[in-house]
Amino acid sequence: MARTSTAAAPKAKINLPANVAQALAAEVASITNRIGAPGGDRIKVTQAKRFRMPSGEEHAGPIQAVIVDFVSFNALYDGAFDPNDITPPLCAAIGSDIATLSPFADSTDVQCDSCAACPMNQFGSAGRGKACQNSRLLALLPPDASADTPLMVLKVSPTALRSFDGYVATIARSFQMPPLAVVTEISLDPNVDYPSLRFGNPQPADPDLVALALARREEARTRLNTKPDF
């Protein structure tokens, strides 16, 4: 995977009284609940079945990456999802535990207190599928990442959930480790007409890369759990 060329922000050191520093730390912790998720860190999958990297570079893949962390993302849109006309979801939920997912309280139109019990999240609510779009959000680092390499975010669509979930289960069973311990190959299925991600060919990651991924995990979780802009 090509490394994003974004320059790292300078790290400023400011000496403040302890009580002021503590108050500012609490303020920083609440910032992600007050702003929308950034968009410039996303790897997008085009309808032409190509990967569009955060740098703007496009290629057919596959790409290699370490999956630093991932979450489930449920979103209900007003009408059919249109990749050429992205609109905010009416109702959305993000979390690590599928069984306990619940929508953000400030969703435009909360459908139910629990995603598991929501009628829009049941098979048959939209033809043979679900009206609510179930997906995964992944935080990735390239195999040649350094401490200053920006995280990248990739969305796994409903058509690729079986591939991703099965792959994660295989890594846990075969390696007895989470996905961040291996370099994963991410490709697009050549056997279907629409863009659908596939995951495979795990290779043990270098110990330094695993340590880096672990060190960046909290950053990844904060990014992935940032609520959408309603």
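Predicted model: local features only at pLDDT ≥ 70, side-chain atom pairs only at ≥ 80, totals over all residues.
Residues are numbered from 1 along each chain as its sequence is written, and side-chain values use heavy atoms, with hydrogens and water left out.

Read from the N terminus, the order of elements is α-β-β-β-β-β-β-β-α-β-β-α-α. Of its 230 residues, 37% are buried, where buried means under 20% relative accessible area, exposed over 50% and partly exposed in between, with a 1.4 Å probe and protein chains only. Among contacts (heavy atoms within 4.5 Å) between residues at least 6 apart in sequence, 60% join residues at least 24 apart.

Helix α3 (residues 207-215) has L209, V210, L212 and A213 as its buried residues. Seen down the helix axis, these fall within an arc of 160 degrees, so they line one face of α3; the arc is that of the directions from the helix axis to the C-beta atoms. They pack against β4 (63-76), β6 (133-141), β8 (182-188) and α4 (217-224), whereas the face turned away from the buried side carries the exposed residues P207, D208 and A215. At the start of α3, a side-chain oxygen of D206 comes to within 2.8 Å of the backbone nitrogen of D208.

In α4, the buried residues are A220, R223 and L224. Their arc is 90 degrees when seen down the axis of α4, so they too line one face of the helix, and they pack against β1 (42-45), β4, β5 (91-95), β6 and β7 (152-156).

Strand β4 also contains N74, which is buried with a relative accessible area of 6%. Its side chain is joined to that of N134 by a polar contact of 3.0 Å, a term for a pair of N or O atoms within 3.5 Å in which, within protein, one must be able to donate a hydrogen and the other to accept it, residues adjacent in sequence counting only if both atoms are side-chain atoms. Beyond its neighbours within four places in sequence, N74 is in contact with residues including C91, L101, C115, N121 and C132.

A search of the whole structure finds 3 aromatic pairs, meaning rings of Phe, Tyr and Trp (its six-membered ring) with centres within 6.5 Å, classed as stacked if the planes are under 30 degrees apart, edge-to-face if over 60 and tilted for the rest. F164 and F199 form an edge-to-face pair, at 5.1 Å centre to centre and 70 degrees between the planes. This pair links distant parts of the chain, with F164 in helix α2 (residues 161-175) and F199 in strand β9 (residues 197-204), 35 residues apart. Both F164 and F199 are buried, and together with F70 and Y167 they form one aromatic cluster.

Some backbone sites lie in loops. A cis peptide bond, with omega about 5 degrees, joins G61 and P62, and P62 is found in the loop between β3 (58-59) and β4. K49, although not a glycine, has a positive phi of about 60 degrees and is partly exposed at 22% relative accessible area.

Definitions and conventions. Helix = DSSP H or I, 4+ residues; strand = E, 2+ residues; numbered from the N terminus.
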